[in-house]
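Dear colleague,

Please find below the structure that I am handing over to you. I would ask you to keep it open while you read the notes that follow it.

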Amino acid sequence: MKVIHYCNLFRQYGIMRRMPESNTYTDSAIALAQQLKKGSLLYYVYEKAGRLHHGISQYAKAVSYYEKALEVCRQYKYKIGEAGVLLNMGDLYLIIKDYVHSLEANKMSLNLYEQMGREDGVLNCMMNIGLTYLDLKQISEGLPYMKKALAGFEKEDPASRGVAVANSAIAAAYMKATEAELNKEGIKANQQYTLALNCYNKAYVIALKEDDPALAADIQSDIGEIYDKMGDAKKAFQAFNRAMELDREHEDYSVAADNLLSTGIHFVKLKDDMNGLNYFRSSMRVAEKYMAIGSLKALYEQMSYLYERVGMFDSSLAYYKKYIVVRDSLYGEEKEKEITRQQLRLDMDIKEREYKYSKQLIDEELKQQLLVAERQKDQLELAEKEKSLQRLLFLQEQSKLENEARQQSIVFQQQQDRSRFEKAIAQKQISNQQLQLQYNRNLNLFFLVAVLVLLGAASSIYYSQRKTKKLNGIISEQKKTLEELVTVKDQVLGTLSHDMRTPINSLISFTHLLERDTIPQDKMKLYAAQLKNTLGYTQGLMDNLLKWATSQMHGFTPNIERVDPREITDQVLLTLTDAATQKELLIEHNIIAGSSVLADREMLASVIRNLLSNAIKFSHKKGSIRLESMITGTHIKLVIADEGMGMGAEKVALINDAASRSVKSSKGTGQEKGNGLGLILCKSFVAMMNGRMEVKSKIDEGTVFTVWLPISENIG
């Protein structure tokens, strides 16, 4: 989809710090999402833009985009998105030391996650709140949140990375805690180091298991510092040494520089200045190469102190000057963060005043509505009195009309007696006329019956001919269907008789050769590889035949459920990796993650497998295959496109014809065989899942298969 493409572009330019291009694509993505009137897309763009500026330290812009994403989520009641944005904002406020807003955002996110029953989100919020209190050095307030997060992570998976991070944070809290805070937690002063070491050791085991060498190295460096404080120089050096070994396995160079610096400080404390200086120099090479500014500040300060202690004052002064330069640059960054923090607080104050003013307007409007309601009540009472008066007038008029009706009744009775007399005289005249009419009626009835008989005969002949014509049409249609079914049957039987006999004969011949034990090892491998390819084709043939036969059974119904197309496509790609690798194909996988359609899981997997197999089969070596999806109204459109051999217009029309039941197979670019059942199966399965399939192709330009399936949910 074009919006997602724009998002990818502005993220790439943003990471490269090419902000004019990044801002242009950001504006284009927002405008297109607004034009499409899709809340889900608009939220996606704002949230991506917020995270980009968050990551490159442009915090004011990040907050602006996050707030727009929040507006969209609240407008469309998308709570999971709202909770995620608030969690990111809490992390941002913690970076710029705006602890009040950090705690507020994290707690709002926590409430939303609790309402939705999303345990993973709840645990992340608790961890962030604990880290905020840790940064504030309020250990007693932060430890309960970190311990709750740890318990939740351990319940979900005792060996997860979240458990490692939580244990590391708790260990850091123990080391930063004052004696009073430790006593409040029921921890004695001599237990501080033991508890921190236990937490770090648990975290270290998990970091190794999760293959996270950067986290493991950081933990070992912290362990070394604890042993340094305990006065155990041997164990401290062992821990620092393990940290430096792990640094060779990751690319977080700021961690590596810090670990080398900590090792150098360890030797300086032991009065081993030469070793300390060597580690300082190693740390400086890494920090200067990868611009680890925080590490360089501490490193230059330590080297100035070391040279001063050994009497090399010129070197000490040179490194002190470097320290001042780095410190001032860091101060500039802190000042920029402070300006950003003040700007955000000012924005929040303005919004708060706007909210109070808006509330006052609402209160005034409510008072006006109450006055209008009182006025309407008085009007209703007056209307009720008018109704009572009108009812009295109505009763008087009703009595007058009843008297007039009684007088009219007497006059009507007199007129009725006179009419009876006149009627008796007229009755005799009517009797004579009736005799004449009866004769005329009998004559007319005779002619009428004759006409009806003739019309009935004509109608019977007409409807008989019409029914015969309709039956002929049905018979013609059934004849066409039977002919197509016979064609499919002949195709299936021909495939079975030829393609099944060949691999079986090959397998029998291979077993005879094995019994004689006369095949050289190199030919054995060649025959085995050929037999494997033949049996692989036969397995695919049998799978399609069985599924086609099952779909033709009377009473067969698919199991329609909510299915993630991305998950199904990932599974199918695993099974076809070897075939794609043999042709050195590039597969662009752009199926949207997290979307869902209403489909039968096995049927959808079979459709994607057959279409992707065809794309691989007809692709040229080193070609490319594109997989993508997009939301179109009430459906999700899945596209599988290749740049291979393509098909002629006649074959394309035959595949797109809903009534067609047979498709002739062709050989692939690598002379791969087919049986023609795959596309029949795809058309049948897509129709049974209330979807539709379409193909577009040109010879030597490639083929595009498109499948529409009903979407199961839509936040926009």
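Which strands does helix H23 lie across, and at about what angle does it run to E6? Before the reply, please note that this is a predicted model. Helix H23, made of residues 677-688, lies across E6 and E7, and its direction makes an angle of about 140 degrees with that of E6.

The sheet

E6 and E7 belong to an open sheet of 5 strands. The order of the strands across the sheet is E2-E4-E5-E7-E6, and their pairing is mixed. Strand E2 (586-590) and strand E6 (692-698) are the edge strands, each of them pairing on one side only. On average, neighbouring strands of this sheet are turned by 15 degrees against each other, with direction ignored.

Helix H21, which covers residues 601-617, lies across strand E4 (624-632), E5, E6 and E7. The angle between H21 and E5 is about 25 degrees.

E4 and E5 run antiparallel and are joined by 8 bridges. Within this pair, Leu 627 stands opposite Ile 640 in E5. The two strands form a hairpin with 2 residues between them, and in the turn Gly 633 has a positive phi of about 70 degrees.

Strand E5 (residues 635-642) is joined in turn to strand E7 (residues 702-710) by 8 bridges, and these strands run antiparallel. Leu 638 has Val 707 in E7 as its bridge partner. For Ile 640, the bridge partner in E7 is Phe 705. Ala 641 stands opposite Val 704 in E7.

How many residues of E7 are buried? The number is 8 of the 9, so E7 is largely enclosed by the rest of the structure. For E5, 7 of the 8 residues are buried, so this strand is likewise largely enclosed by the rest of the structure.

A pair of packed helices

Two packed helices are described by the angle between their axes and the distance between the axes. Helix H14 (residues 253-269) and helix H15 (residues 273-290) pack at an angle of about 165 degrees, and their axes are 8 Å apart. H14 is therefore roughly antiparallel to H15, because angles over 145 degrees count as such. The crossing in which H14 passes H15 is left-handed.

From H14 they include Tyr 253, Leu 260, Leu 261, Ile 265 and Phe 267; from H15 they include Tyr 279, Phe 280, Val 286 and Tyr 290. By class, the contact has 13 nonpolar, 6 polar and 1 charged residues.

Single residues

Lys 137 has a phi near 60 degrees, a positive value in a residue other than glycine. Lys 137 is placed in the loop between helix H7 (119-135) and helix H8 (139-156). Lys 622, which lies in the loop between H21 and E4, has a phi near 65 degrees, again a positive value in a residue other than glycine.

Are these lysines buried or exposed? Lys 137 has a relative accessible area of 64% and is therefore exposed. Lys 622 counts as exposed because its relative accessibility is 60%.

Which residues is Thr 26 in contact with, leaving aside its neighbours within four places in sequence? They are Phe 10, Val 45, Ala 49 and Tyr 65.

Yours sincerely,
A colleague

Note on methods: Residues are numbered from 1 along each chain as its sequence is written. This is a predicted model: local features need pLDDT of at least 70, side-chain atom pairs count only at pLDDT 80 or more; totals for chains, interfaces and linings use all residues. Side-chain values use heavy atoms; hydrogens and water are left out. Two strands pair if DSSP finds at least two bridges between them. Helices (H or I, at least four residues) and strands (E, at least two) are DSSP runs, numbered from the N terminus. Axes are lines fitted to C-alpha atoms, for helices over the stretch in contact, and angles run from 0 to 180 degrees between N-to-C directions. Contact means heavy atoms within 4.5 Å. Angles under 35 degrees count as roughly parallel, over 145 as roughly antiparallel, 65 to 115 as roughly perpendicular and the rest as oblique. A crossing is left-handed if the near helix is turned anticlockwise from the far one by less than a right angle, and right-handed if clockwise. Ala, Val, Leu, Ile, Met, Phe, Trp, Tyr, Cys and Pro count as nonpolar, Asp, Glu, Lys and Arg as charged, and the others, Gly among them, as polar. Buried means under 20% relative accessible area, exposed over 50%, partly exposed in between (1.4 Å probe, protein chains only).
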